[in-house]
Amino acid sequence: MKRSELSEFEFEEEGFKIKIKRGSGGQPIITSAPHSAHPFPVAAPEAAASTARPAPAAVPANSGGDEAGVTYVKSPMVGTFYRSPSPENPSFVENGSKVEEKSVVCIIEAMKIMNEIQAETKGTVIEVLVENGQPVEYGQRLFKIKLN
């Protein structure tokens, strides 16, 4: 909000309303008002900026009955999944690619903001689980990673 010199932002869609307003000291104040039984997930104030890193996306392998030594990078938001920064560029990762905690693995576009998603773990990409340009949901598995 500081970079764009915004003091207030309000968004409403299908019975969900969110309002972000800069308070004293430049800190965002978020007000959300879900009007239905299934509100959209509300991102942290940092996620609203294009340079912000979304909440950790990797989930430990032994949670939810997954295979030992395997984890998944999950979508931290609702949006559109892109494997590369632009159609002319190669994908961030392919099957067999080595990743580190800060390796960018994809971009999720949400409300015209491109959010870089990091692996959040060290390992090797076993499988890309989403097609380029497809919509993704909060918590949806994007990549299967074998831990190193």
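User: Leaving aside neighbours within four places in sequence, which residues is S84 in contact with?
Analyst: In this predicted model, S84 is in contact with N89, P90, S91, F92, I107 and N132, once its neighbours within four places in sequence are set aside.

User: Where is S84 found?
Analyst: S84 belongs to the loop that runs between β6 and β7, the latter being residues 98–99.

User: Is S84 buried or exposed?
Analyst: The relative accessible area of S84 is 12%. The cut-off for buried is under 20%, so S84 counts as buried.

User: Which backbone oxygens lie by a polar atom of its side chain?
Analyst: The backbone oxygen of S86 lies 2.8 Å from a polar atom of the S84 side chain. For the backbone oxygen of N89, the corresponding distance is 3.5 Å.

User: Changing topic: how many aromatic pairs does the count come to?
Analyst: The count comes to one aromatic pair. Its members are F81 and F143, with ring centres 5.8 Å apart.

User: Why is that pair tilted?
Analyst: The ring planes of F81 and F143 are at 50°. Planes under 30 degrees apart would count as stacked and those over 60 as edge-to-face, so this pair is tilted.

User: Which parts of the chain does the pair link?
Analyst: The pair links distant parts: F81 is in strand β6 (residues 79–82) and F143 in strand β12 (residues 141–147), 62 residues apart.

User: Are F81 and F143 buried or exposed?
Analyst: Both F81 and F143 are buried.

User: And what sits over the ring of Y72?
Analyst: The charged end of R141 does, at 3.8 Å from the centre of the Y72 ring.

Conventions: Residues numbered from 1 in each chain as written. Predicted model: local features only at pLDDT ≥ 70, side-chain atom pairs only at ≥ 80, totals over all residues. Heavy atoms only, no water. Phe/Tyr/Trp six-rings, centres within 6.5 Å; stacked < 30°, edge-to-face > 60°. Helix = DSSP H or I, 4+ residues; strand = E, 2+ residues; numbered from the N terminus. Buried < 20%, exposed > 50% of the residue type's maximum accessible area, 1.4 Å probe, protein only. Lys NZ or Arg CZ within 6 Å of the ring centre and 35° of its normal. Polar contact = N/O pair within 3.5 Å; in protein donor to acceptor, adjacent residues only side chain to side chain. Contact = heavy atoms within 4.5 Å.
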